[in-house]
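This report walks through one protein chain for a reader who has not seen it before. Please keep the sequence and the structure in view while reading.

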Amino acid sequence: MNFAFKENQLDYETYYILRKSVKWNNWSREQAEIALENSYYTVTVFDNKVPIGMGRAVGDGIYFMIMDIVVRPEYQRMGIGTAICIKLEEAVQVTIVTHASISAKSFFEKRGYRVVKEQKVERQG
């Protein structure tokens, strides 16, 4: 398969569709557009014209955070998430952090990331 990678062209519709494909909650259009406009770097992956993956880097010039790495379920385990991560890492080339879900922890550890603080989740009531 030949996938197309587009840099800094992630729009709200694509962001919404991809987050929905992995059952993530979506932000309001206004919130998402502000977040996308303030991203340092984005990458979107297409199979023909169909968006199948994305990732964002946000930061202040010294520290960067990798956010919203999403690959549609039917395209997972094909190296697309790794390719997205490589592009994000190459774009920033400084200290990078991420908040990895339990299911993504091993993905990041294989890429050389290490856990510095475990996430805690608490529910009142």
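## Order of elements

Read from the N terminus, the elements of the protein chain follow the order β-α-α-β-β-β-α-β-α. That comes to 4 helices and 5 strands. The model is predicted.

Of the 125 residues in the protein chain, 35% count as buried. The chain exposes about 8,700 Å², and carbon and sulfur atoms supply 49% of that area. Among contacts between residues at least 6 apart in sequence, 56% join residues at least 24 apart.

Strand β2 covers residues 41–47. Is it enclosed by the rest of the structure, or open? Buried means under 20% relative accessible area. By that cut-off 7 of the 7 residues of β2 are buried, so the strand is largely enclosed by the rest of the structure. The cover is found on both faces: Y41, V43, V45 and D47 are buried on one side, and T42, T44 and F46 are buried on the other.

Two strands pair with β2. Strand β1, residues 4–7, pairs with β2 in the antiparallel sense over 4 bridges. Strand β3, residues 50–59, also runs antiparallel to β2, and 7 bridges join these two. V45 has a place in both pairings: V45 is the bridge partner of F5, and V45 stands opposite G53 in β3.

The hairpin of β2 and β3 has 2 residues between the strands. N48 is located in the loop between β2 and β3. Its phi is positive, about 60°, although N48 is not a glycine. Is N48 buried or exposed? With a relative accessibility of 69%, N48 counts as exposed, because the cut-off for exposed is over 50%.

The next hairpin is formed by β3 and β4, with 3 residues between the strands, and here G61 takes a positive phi near 100°. The strands β3 and β4 run antiparallel and are joined by 6 bridges. Within this pairing, V58 stands opposite M65 in β4. Strand β4 covers residues 63–71. It is mostly covered, with 7 of its 9 residues buried.

R77 is a residue other than glycine with a positive phi, near 65°. Its relative accessibility is 86%, so R77 counts as exposed.

## Helix α1

Helix α1 covers residues 12–21, and its buried residues are Y12, T14, Y15, L18, R19 and S21. An α-helix has 3.6 residues a turn, so residues three or four places apart point the same way. Among the buried residues of α1 are Y15, L18 and R19.

What covers the buried residues of α1? The cover includes α2 (29–37), β2, β3 and β4. The helix is followed by K23, which has a positive phi near 65°.

## How α1 meets α2

How do the two helices lie against each other? α1 and α2 pack at an angle of about 110°, and their axes are 10 Å apart. That angle makes α1 roughly perpendicular to α2, because angles of 65 to 115 degrees count as roughly perpendicular.

Which residues of α1 meet α2? From α1 these are Y12, E13 and Y15, and on the α2 side they meet R29, A32, E33 and L36. By class, the contact of α1 with α2 has 4 nonpolar, no polar and 3 charged residues.

## W27 in the loop between the helices

W27 lies in the loop between α1 and α2. Is W27 buried, exposed or partly exposed? Its relative accessible area is 48%, so W27 is partly exposed.

Leaving out residues up to four places away in sequence, W27 touches Y12, Y15, R19 and A32. Of these, Y12, Y15 and R19 are among the buried residues of α1, and A32 is one of the α2 residues in the contact between the helices. W27 and Y16 are 11 residues apart along the chain, and their C-alpha atoms are separated by 8.3 Å.

Technical notes
Residues are numbered from 1 along each chain as its sequence is written. This is a predicted model: local features need pLDDT of at least 70, side-chain atom pairs count only at pLDDT 80 or more; totals for chains, interfaces and linings use all residues. Side-chain values use heavy atoms; hydrogens and water are left out. Buried means under 20% relative accessible area, exposed over 50%, partly exposed in between (1.4 Å probe, protein chains only). Two strands pair if DSSP finds at least two bridges between them. Contact means heavy atoms within 4.5 Å. Accessible areas come from the Shrake-Rupley method with a 1.4 Å probe; for residues, only the protein chains shown count as cover. Axes are lines fitted to C-alpha atoms, for helices over the stretch in contact, and angles run from 0 to 180 degrees between N-to-C directions. Angles under 35 degrees count as roughly parallel, over 145 as roughly antiparallel, 65 to 115 as roughly perpendicular and the rest as oblique. Ala, Val, Leu, Ile, Met, Phe, Trp, Tyr, Cys and Pro count as nonpolar, Asp, Glu, Lys and Arg as charged, and the others, Gly among them, as polar.
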